[in-house]
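Please look through the following notes with the model open beside you.

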Amino acid sequence: MHHTPVVRGWWRGYLVVGAAVAAAAVALPAGPLRAVLYLLVAGGSGAAILVGLRRHRPARRLPWLLLAAGQLCSAAGEAVYYWLELVRRVEPYPSVADAFFVAAFPLLCAGILTLTGRRPVSATDRVEVGIVVTALALPLWIFLGEPVVHDAARSWGLRAIDLAYPVFDLVLLGLLARCAAVAGGSTAATRLLGLGALTVPVADVAFVLVGEGEGLAGSASTACWLVSYLLYGAAALHPSMVRAAEPEETAAPGSWRRLGVLGAAMGTVPVALALQTAGVTGVHLWETTVAAAVVVVLGLVRVRGAVLAAERAARAAERLRAEAAHHAAHDPLTLLPNRATALELLRQTQERAARTRRAVGLLVVDVDHLTRVNDSFGDGAGDGALRALARELVGAVGAGDRVGRLGGDEFVVVVEDVPDEAALGRLAERLTRLTVALPGTELTLTCCVGIAVQRPGREVAATELLHEAVTATGRAKGAGEGRTWFFDDALRAELTEQAELEAALAAALAGGEFELHYQPVLDLDSGRITGFEALIRWHRPGRGTVRPDLFVPVAERSDLICRIGRWVLGEAAGRLARWRAEGTVADDVRVAVNLSGRHLLEPGVVDDVARALAAAGLPPRALVVEVTETVVLDTGRVLPNLRELKALGVGLSLDDYGTGYASIEQFRSLPLDTLKIDRSFLVSAQPQDEALIGLMVHAAHAFGLRVVAEGVERADQVALLRSLGCDSAQGYLFSRPVPAGEVAALVGRVTA
């Protein structure tokens, strides 16, 4: 292993030494010493390829053996050439040396073709190669081909030998054009190999134009041939030669690589015409016309192909956007509008009702004891029941009414036109008992229905009307199975009680009644804990622990949520700093906090975060701020603060993705680092749900985002997420949220 750096540097040493020998060969006058140096470079090329083949041991040896055979064959031709010239004192051209030179071309071409032959070639690639070959055939014909064909002083046998050089030059250029068109990336070895192959036609043209002799011009062809030998050898000695035969990603049709190759090749036609006009070459009107016509036709074919490809890509992108938008707006299990979409539909209905002075009804349907379905019929039966129930709800309501899923076993029905509350009550009664079809049986489900009404003249926000209906549903469930309940004055009194809860929250913040619990986030590749999500808990004296979903919405409606957010930031950052100092967690472990939309709208939120980090002595990257889809939808006001947090170095995560109204396309403008897939997507093991998770992971990775899956409760879900390329996960399978004092014990035993 200690020899590896030396081996890796051989190709540089070979180039340096070879360049010095080649320079001496070019500078020396014709004679034995120059011949010896020339043969050292030529023979050294084939030897270098064999050495590189032995050292690096690529999976495919044949291409490099063909290249080595071609270079050694050419070196043999050089040896015969100099033996005839210096020893036998006879004209070395034409001679048996040409047989070696000509034989080297098929070997080199075969080597390049087998090296790159596994790469896919499209119709567009073939058209581009045709353009390049046609365009380059014109100067090769003018400078190399036509003088040979019209040289009546030479026999046809000699002319055939002379024509072999430009023909093989053209084949070699065509192969290089194919590689340039197909390859989306290239290794150093393939670049060296391509340059080496390109210098051969250049050397042949230089030989015809200026010949071989003394001086700079006369040494041009000699220098090019020597450079070609050196580049072939360096390509084989470079460590990247082991990857040269691997299929590469196809370059985009509009990439600068492909356009540059096309532009350079097509430029030969006008250059040839200009040289004819200037009298540098003879007149080749017909050849130039034919070449130009073929290039134009092939160019039009290529443009047409690019247009068709662009149209196909645009249609595919549009379908993907439509599918992504649909998935983002709909519940993955039932395909009904999700919570955010249902709220938007309710807002639209309220606007229409306000113009026509009609009432709007809102029903929240909560299925009774859905877990019994799984207990009775097995895992997955509950999901089937929810899908069937969704279909029954859609069929039971009026034509203009809309059904959505709030989540879990809760559905919502937006009633567009309410003639009277009695009719709304009758509809709710019908929805309390619904029969659904399951494989091999029928099942009657009972539901509790909460009813809220927005009467003409009453202004109420969609979220508040939904809150009223949810509150009524809770009262109905408290009365028993299959009950309905209107939101009335009694329930309105409960809202008053919630106002009192707000006052209690303020006292709790001042009295230190809040505590943070921490749930680990695990990397699915390594299985180690890479972070914790900090979750707030309220231990209310005399009431016990109050769930966040009971007090956070109350705090959201006031400035209390910002004060609570600042406390969470300081507590979470300080706790992580202590864990790091004690060695409880690694220095790369991060803590994530949830900041409300109201807090993120505050101009001082960035200062709040910076102060919490400074007080704890933590670097910004140690903190992750989690935001919801509802928050990022308000990009006009929230985006500047998010960008400042990003510039500060804090991580930004989009929480509960898939339950809101955000689209994948918005990722372009959002400064996010992480996407957290909502737990609802792991509820079912249906193929369409797995495909949807895969789609979200692929889309997030396309925008450079890491993906965390929430709600992991089973080992098979971990295997699924790994197979789909998900980065991290959290859930009860690993650990429930625990107090700070239990984190040290948790770190030692939790793994993915």
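1. The structure holds three cavities of 30 Å³ or more, where a cavity is, on a 1 Å grid over the protein atoms alone, a set of points where a 1.4 Å probe fits but cannot get out, and a volume is the space filled by probe spheres set on the points, which are joined across faces, edges and corners. The largest cavity has a volume of about 60 Å³.

2. This is a predicted model, in which local features need pLDDT of at least 70 and side-chain atom pairs count only at pLDDT 80 or more, while totals for chains, interfaces and linings use all residues. Residues are numbered from 1 along each chain as its sequence is written, and side-chain values use heavy atoms, with hydrogens and water left out.

3. Lining residues have an atom within 4 Å of a point, and for the largest cavity they are Ala-324, His-327, Ala-328, Tyr-657, Gly-658, Ile-664, Phe-681, Leu-692, Leu-695 and Met-696. The elements giving two or more residues to this lining are helix 13 (285–329) and helix 26 (687–702), helices being DSSP runs (H or I, at least four residues) numbered from the N terminus. By class, the lining has eight nonpolar, two polar and no charged residues; Ala, Val, Leu, Ile, Met, Phe, Trp, Tyr, Cys and Pro count as nonpolar, Asp, Glu, Lys and Arg as charged, and the others, Gly among them, as polar.

4. Helix 3 (residues 32–56) and helix 4 (residues 62–87) pack at an angle of about 165°, with their axes 9 Å apart, which makes helix 3 roughly antiparallel to helix 4 (over 145 degrees, on a scale from 0 to 180 between N-to-C directions, with axes fitted to C-alpha atoms over the stretch in contact). The residues of this contact (heavy atoms within 4.5 Å) divide into 18 nonpolar, four polar and one charged, and among those in helix 3 are Tyr-38, Gly-43 and Leu-53, while the helix 4 side includes Trp-64, Gln-71 and Glu-78.

5. Helix 20 (residues 548–556) and helix 21 (residues 560–582) pack at an angle of about 120°, their axes 7 Å apart. Here Val-552, Ala-555 and Glu-556 in helix 20 meet Leu-560, Ile-561 and Ile-564 in helix 21, a contact with five nonpolar, no polar and one charged residues.

6. Helix 21 also packs with helix 23 (residues 605–616), at an angle of about 30° and with axes 8 Å apart, so helix 21 is roughly parallel to helix 23 (under 35 degrees). Among the residues that meet are Arg-566 and Gly-570 in helix 21 and Asp-608 and Val-609 in helix 23.

Methods: Parallel < 35°, antiparallel > 145°, perpendicular 65-115°, else oblique. 1 Å grid on protein atoms, 1.4 Å probe; cavity = no way out; pocket = protein on both sides within 12 Å on 5 of 7 lines; lining within 4 Å.
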